[in-house]
Structures are given as C-alpha cells and as structure tokens.
Amino acid sequence: MADHGKLFSAPMVLALLAGTKTQTRRLLTEAQVFATPETKAFTLRGDDLDRALQNASGFRRLDGNGWFWEADAFEWQEPALRTGGMAHIGYAPGDRLWVREAWHAARSLDRTAPRDIPRDADIECAATARGYAEIGLKGKLRASMHMPRWASRLTLPVTEVSVQRLHDITEEDARAEGVVPHPNGGFWVPGFEHPNPDFPYLARPTAREMYAALWDVINGSGAWLANPWVTATSFDVVQRNIDEQEVANG
C-alpha cells in the first residue's frame, strides 16, 4: 500500500464532496520497467514510452502496480512482430490518494511558507471557503500543489485500476468522473466554465461527450482527439484527513 498526494481542481473537489466523483483518469506519462538479470530497472517517458506502447493491447495487472502488456516488437527483435512489456504503472488497489486542493490560511500567515504554517492553524479550502472571507481575514490563495498532507480533508482509498485509451471511457464511467445531468437538459460538471464567455455554462448531450469537452478544457484543444493512454482509477471517498483515517481504522 502506498499513499499519493494528487491535485484536484475546485469543481472536482465539489464533485468528490457531493459523492458524484468516484473515478479519475490521468495521463500515462511514465512506466518503470522491471529489472531483469541482465538490466537494471529504468523509467520510460516521452517518445520511449510511446514506442513501448505502440499498438499495445492486453494490459493485465500482475501484482501491486505492476502490469504486463503486448505491443509491437522493437526493430532489434525482428523477425518477431509482437513483444511483451512489464512495468510499474500508476496506482494499485489498496493505495490511498490524499486530495491536494487550492486553499487559504489567515491573512496574518501570508508571508509564511506552507511548510512553516503550524499544524493547528485554521485552513480553509478554496472550493468551499467561507469563514475568513466573511470576517475579512482571508489570506492569499495557495496552489493545490503546496497543500501539506496534514491540511488535506479528503482521502480516496483505491478500489480498482485499469490502463486504457481515453476513448474507452463509457457513459457510466463519465458519470463516475463527476458529470451530472443539467437542470436544463444534457450533462455538465458544476463549476466548469464554458471557454466562450458568451455561454453561461458548459454542457453536452451525453455524459461521455461532456467528459470529452472537459478533457479539452483541462488539457488543451485537441487533447481528446489524441486518445492518449491513461490510468483509470476508481476509489471510495472518505471525508477525513488521511492520517486521521489511519488512526480511526487502527
């Protein structure tokens, strides 16, 4: 079991709190290839990873976050047409994700680095912040990447992981990603703005189409059409700090 701090935007945090988000898809950007008697373990990224996944199929989890798959053979493996790959990828059932989100401390701590903020300080998460704003003492907005583990309020125990193409997402999966019906018809993700300010909100006829639009908003125009490899992670949502959860379970 391993713990991972993961960044979530405010709309996705709201979906976690509402119980509408129980999956997350992340770009597959690296794979740590298993060591062999002849070679040390090494990490594939960029073009090397793309080549190792060329026409890949048959992804099968071996143990933990170790995976096996088949792909086109490398030139030096001719005349073989296909080859097998084994690497550590993503997360594994039993891992825990702790949510890192944008946050505020008191204005009096604006010049204090996140690592130096006392653990007993009052922290407000930006997605639902109210207290400091109401009394005019809200400090600066701090990026989610700077949220300390002790300040996180959401823990996501991983229940299932798969490696797939982005377009493999189903209508049911898209709903599990936080896409919900809009009161006026179609589907949307509350909190995500339409890239064209002339439209009041971003919505699409189906949950899957909405997720495709959302992916482009987050990752840039054309990102959905690229159909990249992703890890699809399912999880439970525990509204408690990861270390508090550990104590409660102990």
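Is Arg208 buried, exposed or partly exposed? With a relative accessible area of 29%, Arg208 is partly exposed, because buried means under 20% relative accessible area, exposed means over 50%, and partly exposed is what lies in between (1.4 Å probe, protein chains only). Before going further, please keep in mind that this is a predicted model, in which local features need pLDDT of at least 70 and side-chain atom pairs count only at pLDDT 80 or more, while totals for chains, interfaces and linings use all residues. Residues are numbered from 1 along each chain as its sequence is written, and side-chain values use heavy atoms, with hydrogens and water left out.

Let us stay with Arg208 for a moment. This residue lies in helix H5; helices (H or I, at least four residues) and strands (E, at least two) are DSSP runs, numbered from the N terminus. Setting aside residues up to four places away in sequence, Arg208 touches His167, Ile169, Thr170, Glu171, Ala174 and Trp224, where contact means heavy atoms within 4.5 Å. Thr170 is 38 residues from Arg208 along the chain, and the C-alpha atoms of the two are separated by 6.5 Å. The side chain of Arg208 also has a polar atom 2.5 Å from the backbone oxygen of His167, and a polar atom of that side chain lies 2.7 Å from the backbone oxygen of Ile169.

Now step back to the whole protein. It has six helices and 15 strands, and its C-alpha trace spans about 70 × 45 × 35 Å along the principal axes. Of its 250 residues, 41% are buried. Among contacts between residues at least 6 apart in sequence, 64% join residues at least 24 apart. The protein exposes about 13700 Å², of which carbon and sulfur atoms supply 50%; these areas come from the Shrake-Rupley method with a 1.4 Å probe, and for residues only the protein chains shown count as cover.

What lies inside? The largest nonpolar core has 46 residues, and those with the most contacts inside it are Leu53, Phe59, Trp69, Ile89 and Tyr211. A nonpolar core is a set of buried Ala, Val, Leu, Ile, Met, Phe, Trp, Tyr and Cys residues joined through side-chain atoms within 4.5 Å. Several elements give two or more residues to this core, including H1, helix H2 (46–52), strand S6 (66–72) and strand S11 (155–165). The most comes from H5, with seven residues. Another core, of nine residues, lies apart from the largest one, and Trp103, Ala121, Cys125 and Ala151 are among its members.

Next, follow helix H1. Its buried residues include Pro11, Met12, Val13, Ala15 and Leu16. An α-helix has 3.6 residues a turn, so residues three or four places apart point the same way. The buried residues of H1 pack against S8, S11, H5 and S15. Just after H1, Gly19 takes a positive phi of about 80°.

Is Lys21 buried or exposed? At 2% relative accessibility, Lys21 counts as buried. Its side chain is joined to that of Glu177 by a polar contact of 2.6 Å. A polar contact is a pair of N or O atoms within 3.5 Å; within protein, one must be able to donate a hydrogen and the other to accept it, and residues adjacent in sequence count only if both atoms are side-chain atoms. Beyond its neighbours within four places in sequence, Lys21 is in contact with several residues, among them Phe8, Met12, Leu16, Glu177 and Phe235.

In the loop between S6 and strand S7 (82–88) you will find Pro79, which a cis peptide bond joins to Glu78, with omega about 15°. Asn55, in the loop between H2 and strand S5 (57–63), has a positive phi near 55° and counts as exposed at 52% relative accessibility. Asn227 sits in the loop between H5 and S15; its phi is positive too, near 50°, but Asn227 is buried, with a relative accessible area of 18%.
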